[in-house]
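Q: Could you walk me through reading a few features of a structure like this one?
A: Gladly! Let us take a look together.

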Amino acid sequence: NVVIEQRYQWKLPPYIHWEDSGSPLAQICQLPPEFDFPRVNLPQWFHYTGPLQDPSGSELISFPSLSFPFAPQQQLIQRSALTITHAGMNTVLGALSSGVPLVAIPITSEQPGIAARLARTGAGEVIPLSRLSVPKLRAVIQQVLTEDSYKQNAVRLQQAIHKAGGVSRAADIIEKAVSTSKPVLSSQL
């Protein structure tokens, strides 16, 4: 309903299928293809770019109005052997960008889908919230930390993310779409 209302406000035609909702010039996905589910019938102007984050990995730490210290999440993840998360997109991609395996406890929204991708790729384990307990969490943490395959898969996805091009590639695609008003085909880049 939110999408329908927004399209109405922007005087865009309604659509019947979600596939019809994207731009006919370029569609950008911040996953690398290796982290997505197998897809068929993607538009030719669909692009996997990897995370749309500052490629330096640095974060602005200037919040004078906050009364508590700001934790630089990405910098902490880079030093970690494991990330435990609710499977939010930014945290998962941040961990994988650093080659860090994960334990995911999805709660809502996109989190179950991101967690399913994590399990499918072997870069982490998922514990459904309904089955979470201290013994279960302890066992899964031990499993991910001691079985080499999780770290190897996280590093494989780290390489895929680096290869995908990130925010710079996404900007190039957008600039080309805006400047030419023509579809930017994935085969062209």
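A: Let us begin with a term: a residue is buried when its relative accessible area is under 20%, exposed when that area is over 50%, and partly exposed in between. Please keep in mind that this is a predicted model.

Q: Thanks! Are Phe46 and Tyr48 buried or exposed?
A: Both Phe46 and Tyr48 are buried.

Q: How is a pair of aromatic rings described?
A: One gives the distance of the centres and the angle of the planes. In this model the count comes to 1 aromatic pair. Because the planes of the Phe46 and Tyr48 rings stand at 75 degrees, with the centres 5.0 Å apart, this pair is edge-to-face.

Q: Why does Leu118 count as buried?
A: Being under 20% is what matters, and Leu118 counts as buried because its relative accessibility is 0%. You will find Leu118 in helix α4, which covers residues 111-121.

Q: Which residues does Leu118 touch, leaving out those up to four places away in sequence?
A: Its contacts are Phe35, Leu102, Ala104, Ala123, Gly124 and Glu125. Phe35 lies 83 residues from Leu118 along the chain, yet their C-alpha atoms are separated by 7.4 Å.

Q: Which residues form the nonpolar patch on the surface?
A: Ile28, Leu52, Val167, Ile174 and Val178 do, with about 400 Å² of accessible area together. Helix α7, residues 166-180, gives the most to this patch, with 3 residues. Ile28 sits in strand β1, residues 27-29, and counts as partly exposed because its relative accessibility is 31%.

Technical notes
Residues are numbered from 1 along each chain as its sequence is written. This is a predicted model: local features need pLDDT of at least 70, side-chain atom pairs count only at pLDDT 80 or more; totals for chains, interfaces and linings use all residues. Side-chain values use heavy atoms; hydrogens and water are left out. Patches are made of residues with over 30% relative accessible area and no salt bridge: like charges are joined within 9 Å, nonpolar side chains (Val, Leu, Ile, Met, Phe, Trp, Tyr) within 5 Å. Accessible areas come from the Shrake-Rupley method with a 1.4 Å probe; for residues, only the protein chains shown count as cover. A salt bridge is a side-chain nitrogen of Lys or Arg within 4 Å of a carboxyl oxygen of Asp or Glu. Helices (H or I, at least four residues) and strands (E, at least two) are DSSP runs, numbered from the N terminus. Buried means under 20% relative accessible area, exposed over 50%, partly exposed in between (1.4 Å probe, protein chains only). Contact means heavy atoms within 4.5 Å. Rings of Phe, Tyr and Trp (its six-membered ring) pair if their centres lie within 6.5 Å; planes under 30 degrees apart count as stacked, over 60 as edge-to-face and the rest as tilted.
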